[in-house]
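Colleague: I'm new to this one. Could you walk me through how its parts meet?

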Amino acid sequence: MITRKRLAAGACALFVALAGGVAPASAADGPPKDSPKVELVLDVSGSMKARDVDGQSRMDAAKQAFNEVIDSVPQGVRLGIRTLGATYAGEDKALGCRDSEQLYPVGAVNRTEAKNSVARLQPTGWTPIGYALRGADKDLDVGGGTRRIVLITDGEDSCGQPDPCDVARELAAKGTHLTVDTLGLAADDKTREQLSCIAEATGGTYTTVHHTKELSGRVKQLVKRAETPVETPRPTQGGNACATAPEIGAGIWTDRETFGEHRWYKVKVKPGQELRASVSVAADRAVERDYGVLVRAVGEGGQELVRGSDAGSGRTDVIASGLRHPVYRAEKDDTRARTVCLEVSQSFAAPPSVKRDPGLPVELAVDVVKGPDNPSDLAAFGLGRGWVLLLVLGGTGLLAGLLFGWLARWRVAVWREN
Amino acid sequence: MRFTRITRTLGGLLLAGAALAVPAAPAVADDEKPAPTEAGTAFRTAVAIEQGQKATADASTGDYLYWQFPAGAGQQPTVKATVTLPEASTRNGDATWRLDVFDGLRRRQACSSGEPLRRAAREDASVTLTCTLRTVRPWAEKWSNDPLPGAYYVRLTVGDAPDRDMGLPVKAEVEATAEDAGGARAEGGSLGAPLHAKAVAEPEDGWDGSWWSGRWGWTLGGAVLCALAAVGGYTLTRHPRRR
């Protein structure tokens, strides 16, 4: 026991030494190439002068929050900063609506440099949110890793084109796993609607900010959230029938499906295995009140094997369902893998004003596990319970005892007679 | 004389059997790991919690908050969520909060009791939602939607609130506990693997529940009773004084 402990301690020490030897080298190069990326997009338009956040101007509140965020950026996160409306103060809409630049490139953060560049900002121009979002998406095109944009603004887009909400949906549909979280410094209806729409389109969140503390706390939380490791889904494109469906294996997959569309996928399952599939379809835009989802597993002959469905109404982010389908051995040494087709459909509907393209995001989690699924006994290992059981057992015992007793008496009587 | 002794012994055995039939007290959760202070925003990012842990999260009204917790066969899980609402002065009206529970395959699970949907009046400071699931079964047919061992997702969100209240800060607290349903609900069979169990820790009694159930007490008690009754019956027929 003690020897083993010592051995373990030795191994630990060795590991620490090795890790220690390797760590400084990688730390010098900054976060690895596939580490999560966050870009803070800050509105520096003229309206940020308004002094309504804890008695200071919106701009000062944002600067203060940025300083705190820059100080607390986790090691593994690459951070960038982009501004919008920071340079052009004129009246020309064409120029004002292209006023968005990268203030700090996405990468390891030099705290002093980043803070200095933020400190120089002065509330100036227009609010080209859509244009800035496109720019931010380009900024994040460095290496792998998850992408997150945190948009901080105090007003709706003053440029109109491109519509920021459409831009967000378009960026999300590119399959680069982009999330946009929005923070509104002013609580007017239009800003809120627009920022909510942007967040909804990318699976992000919207927050109204009234105090500096809320702002810094929330941005810190969002940056930290980027650090949480998540399994990145792989893109796929489902077919419109079982025969033309792409074959997918275990893993998480994403696809897009427009209103009323059915998508098919194929999965190979060997006998003795169990197919498990979960599907969630996200409502990334305004949809009608009632909705549903249906996922069906269809066999080689076209017959339905099993289905999962759900329906609901009211506010929602996703509607999800799932199914499991064990494949039995037809004979003793049956090893032929069966093809199971998965059909995904949903009954979301949208008002005519809502854009249909790109389709709704579909997430498909597929797993194939070893699953005999053939329990020999469902009644708790054959154990019984209850007074009836005792009555039956006791009664049987008594009867058996009486029977044997009488039998013995009868035999003794017969023996005596002879 | 002998009869009384037999009845006494029988009574004693029955009592012992009854004592065995009482389900074991639920295990106390160890608080070694700190409770999470974050929530996920989708099924894929759901934050794993343990049974008995109180997870908290700061969020905005309108966020969808996801957690996941493990539950094994024979347990009846209860999820309790408390939302501390934004200051009443910043709110514009009543809000309905909603708690949804899904199994590891993201299939919606029914709340057999509890209040998963509640309307909070404008002046309320907090709202508490509860959802008690059906008893988790070790196995079920593939067509059924019965709760199975594995992970369970919890989703907490505002179902209906004035548009102007969206985005206001809230605090959420979630706790998942489970009660042992006891021998009356004990079942056999097992799944090839628990549903989506990679993300969560196995419950103390294992995914398939503990091998022990009150049914052992009843069955053994029954066997003993049977044997004694047999001996009793036999003795009845062969009166000692006659021999």
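Colleague: How many salt bridges are there between domain 1 of chain A and domain 2 of chain A?

Modeller: Before that, this is a predicted model, where local features need pLDDT of at least 70, side-chain atom pairs count only at pLDDT 80 or more, and totals for chains, interfaces and linings use all residues. Residues are numbered from 1 along each chain as written, chains are lettered from A and ligands numbered from 1 in written order, and side-chain values use heavy atoms, leaving out hydrogens and water. Chain A splits into domain 1 (28-227) and domain 2 (234-370), with bounds from an automatic or database domain assignment. Counting a side-chain nitrogen of Lys or Arg within 4 Å of a carboxyl oxygen of Asp or Glu, the total between the two domains is one salt bridge.

Colleague: Which side chains meet in a salt bridge at 3.7 Å, N to O?

Modeller: The N to O distance is 3.7 Å, and the cut-off is 4 Å. The pair is Lys355(A) and Asp166(A).

Colleague: Which element gives the largest share of the side of domain 1 that touches domain 2?

Modeller: Helices here are DSSP runs (H or I, at least four residues), numbered from the N terminus. Two elements give two or more residues to that side, α6 (164-173) and α7 (189-202) of chain A. The largest share, four residues, comes from α6(A).

Colleague: And how much area do the two domains bury between them?

Modeller: Buried area is the accessible area (1.4 Å probe) lost on putting two parts together, summed over both. Carbon and sulfur atoms carry 52% of it, and the total is about 670 Å².
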